[in-house]
Amino acid sequence: MPEEKPNGKNGGRVGIVDRVKEDVQAARTEIPAKVKEQIEGLKDPTKTQVYTSIFRHKHDDTPRNRALGVLSNVFLHLHPAKINRDAVRYSYTWGMGGITFYLFIVLTFTGVLLMFYYHPTKVQAFRDVLYLEHDVPFGKLLRNMHRWAAHLMVIGVWLHMFRVFLTGSYKKPREFNWNIGVLLLVFTLLLSFTGYLLPDDQLGFWAVTVGTNMARATPLLGHEGPFGPQLGMTPYNDVRFGLLGGSIVDANALLRSYIWHCIGIPIVASVLMIVHFWRVRKDGGISGPAPVVLEAEADKPRRGPKAAGE
Amino acid sequence: MPDKPVPDNDPIVTKSYAAHYMIATVLLMATLLWALWDEAFGMRPWKAYQHVWKDRYTAFLKTARSKSAASQKEVEASPDYQKLKENLDQATQQATPHIRDVQKQIGDLNAKVLAVQSVFTDRRAYVNALTYQIETASSQSLKQSIQKDLDKYKAETAAVEYPDGSRKSYNFEELEKTYNDLKDERAKLNADLGDTLKPVTQAKNAMDDYVNDHMVDLTPTQIAGLEKKTDDLEPSIQQINVAEANIVDRCESCHIGIREPIKLTAASMSPKGAKTPDDYAKAFVSHSNAQLLSVHDPEKFGCSPCHQGNGRATTSIEKAHGNYEHWLWPLYVRQNFEAGCQTCHASDMMLISGDVGWTISRGKDLFRQRGCMGCHRY
Amino acid sequence: MDWRQLWEIMSAPDNVPIVGLIPLLIFYIYLAWKQAHANDVLIEQLEGDAALAKTHHRKTWPFQAGWQKEVHVWPFLLRIEFLAAIIVTIILMVWSITLNAPLEEPANPNLTMNPAKAPWYFLGLQEMLVYFDPWIAGVVMPTLIIIGLMVIPYIDTNPMGSGYYTWKQRRFAISTFLFGFIILWVTMIIIGTFIRGPGWQWFWPGQTWDHNRLIYEVNRDLPDIFGITSNLGKGIFGAIIVGGYFALGGFAVFSLFRRYMPKDFARMSLLQFAITQVFLLIMLALPLKMMLRLLWHIKYVWITPWFNI
């Protein structure tokens, strides 16, 4: 018990009852005030702490916010804040790079879902595809989307390469990025090729047999290639053996195909894509449409500010 | 720095994509709904099959039940049955008073047992806990001290309140004995009840056996059972799964009536007024040659070892029957169904059982005698 | 005219992408040509009028003073990208609902499919196997294609056409690429898909794919036509032919470049020119060898104990 007690209204000692009375009185005024404050605060949700912690800038339509919408967003800051006015026209870029990347995302998504229902073994692979087609919920849709998106992606990659070539967008300073793109083309084709074997049906099996049989003809490294046998290459130790994990397309080939298809090549391709997108920005963004250059001006070094219209 | 005011005639910034988005959104929603519909119904025709089955089989069973009831009445009218019924009535009459008496006693005992149980089980639980501590105590002295506590507890008395209002106090030993004695008594009474009921049950069984032996078809009770089963049926994939043999047969998802105990024909499964059986009616027929099924239990054999087809397929008739490109084992045509016997009975020279097997045996004969392999490549 | 056969080939699920690729390519080539033509017209106009060349904004699309040269990505680019994603999704969904991915018989190493075809994007390489040994068609050629593609930016010294479509300013580059991509790569895929049937025999569209068909075709080697029989002779003869092709071809390329593309030639270093020559000649060797085989039934030109070309 404290020695001194606080003084109450009449200067006398304050007991528990008085204290409780005081608190009740205070509650009567303070709590309604707090309630009013809270309601006021919620009237504009965009000013709450939760909102401002997620969305770090305003969204009313000002040029600053338009720029920030792109620059401060981790997914969108692939883009610059502004681009060449005519680059938004579909006819220039055909959108094929973006479409290819979108298809890659679709393939990854459907691919991951398919992985839940597929076992890369000789006993189960074929059956699993049958199950996907007939009883897995949305299995048929998933498998079909995966296959057709793969074909579309190969076509998209070719059209993208075609467009980049026709607009000369591989010329200085974009030579290196073109080469990254060539590598991405190769990996896209390899992704498609490794996936081809996975249903373990006649179509996939023989396609991969044809493909890997070409490997045994590699000069120096294949047991049927020029100078291969001279270097000690046999069906059991040449580059084809390394690809298949055996001398025939069998269970090991299926497993390796699966690993390349789901993990190995996607990782490499993702890294290359990161470099590819980075270089697009660093090399000056979308190449055009650029102002036409006349032959007479072609060899002159550029000096000073850009020519009219650039 | 704010942008300069934009002149209105700049096509890039003034063009509206609202119409494009509208069309694209509508198309996208439509395709998504289409995908959902396809997923739920389009590629699951067995759902429709099972819904139609419920309607048609229920209607069929209704007519079957009335026929069955009529037939059962006939059987029950026979003099033998009447005699059995008399026996039953007599036995029941004799047994009833004693049964009632015993049942009342058992009821009383149940209440008593419950009263003792609620007290006893609680005290027993405590005793068991202490006993555990004694057994696992590390030192002898601790053991002894807990044992002392245990003995003290066991000597304490607890009161049991009986349903008739009386109270009695027991210590632990007495409580246990009372509990066991009451239960023994109840067991004795139950045995007595059983003995008394035996002649009644026997007489009843004799009556039922008579009906079952003399009725050609199912009894109304059995048919009512089938009706209930059909009513409770939720459409789902019906599957026979024999993992060791890689058999996954979903044929019964559409051929739901194939193993029903009552004989179904395409005509009886057709909708009312239909001139010819439709696809549904043809699918619902019973398996012919029921004796084959008794020797080849479908739960172990599935359907595809004898009939071929694609057991796992459920999305269409062509797929399920394996009648599409790239499936190497299409369904055997009806006239050739005996070809399926070759799967296992390839080495048998003769394969006849009742009506079944004549065609294939003749075929085997011809094959061996005529030497087909001499000219035709395999 | 076996329409059923034609329909069977075209509707095979994995052939549908190629059937779709053809109109797509035609459309995009047309789109590119339209813009190239417009640019070329503009270039001609500007080359004839120096004053205009100084003030024109140099693009075929309109531009007025006061219009922004650069527009915000949000919303003007992003709305296009989003729309494109939606449209691609629609196409993909409709395609996936209506057409099933193929699943053929379970893999059977003892039963070869006839024809056993590689996936469609590799059919070009498989077609090359008819004319070259596997080590060339399957290993060397694909490697050279990849390296050749990678080398393009470094041998293209033409400073014009960077960032816009044009034909007149980049005739050589575009025709070479079109030749390699459309004439060689895509056409070989079309041949591999629609023309090559059982036994990899040539079936015109509308001919039934009969795996019992027998044809009479005798291929000879080039040394045999010239009556050379000894191994050493064949080796030397082949070396002369191949070496001669590169030497004469190289000289021809040099002459053509010098005469018709003097400015480009002047810009190129020796290394750039040499690389251009080598890849150009190897690329042309493919249709040459194809013609030798298809028209004159000649199989090998250079025979050695270790490799044949």
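Reader: At what N to O distance do the side chains of A:E133 and B:K319 meet?
Author: A word on conventions first: this is a predicted model, in which local features need pLDDT of at least 70 and side-chain atom pairs count only at pLDDT 80 or more, while totals for chains, interfaces and linings use all residues. Residues are numbered from 1 along each chain as its sequence is written, chains are lettered from A and ligands numbered from 1 in the order in which they are written, and side-chain values use heavy atoms, leaving out hydrogens and water. A salt bridge requires a side-chain nitrogen of Lys or Arg within 4 Å of a carboxyl oxygen of Asp or Glu. A:E133 and B:K319 form such a bridge, and their N to O distance is 2.8 Å.

Reader: How many salt bridges does the rule find across the interface of chain B and chain A?
Author: The pair A:E133 and B:K319 is a salt bridge. For the interface of chain B and chain A, the count of salt bridges is 3.

Reader: Which element gives the most residues to the side of chain B that touches chain A?
Author: There are 8 residue pairs in polar contact between chain B and chain A, both residues at pLDDT 80 or more; such a contact is a pair of N or O atoms within 3.5 Å, where within protein one must be able to donate a hydrogen and the other to accept it, and residues adjacent in sequence count only if both atoms are side-chain atoms. Two or more residues on chain B's side come from each of α1 (11-14) and α2 (18-42) of chain B, where helices (H or I, at least four residues) and strands (E, at least two) are DSSP runs numbered from the N terminus. With 4 residues, the top contributor is α2(B).

Reader: Turning to chain C, how far apart are the centres of domain 1 and domain 2?
Author: An automatic or database domain assignment gives the bounds, with domain 1 at 1-52 + 119-211 and domain 2 at 216-309. Taken over C-alpha atoms, the separation of their centres in chain C is 23 Å.

Reader: Which three residues supply 27% of the area that domain 1 of chain C buries against domain 2 of chain C?
Author: The two domains of chain C bury about 2,200 Å² between them, and carbon and sulfur atoms give 77% of that. The leading trio on the domain 1 side is C:Y131, C:T157 and C:F172.

Reader: Is C:P305 buried or exposed?
Author: C:P305 sits in the segment after α11 (270-296) of chain C. Its C-alpha atom is 7.8 Å from that of C:N231, which is 74 residues away along the chain. With a relative accessible area of 66%, C:P305 is exposed.

Definitions and conventions
Buried area = accessible area lost by both parts, 1.4 Å probe. Buried < 20%, exposed > 50% of the residue type's maximum accessible area, 1.4 Å probe, protein only.
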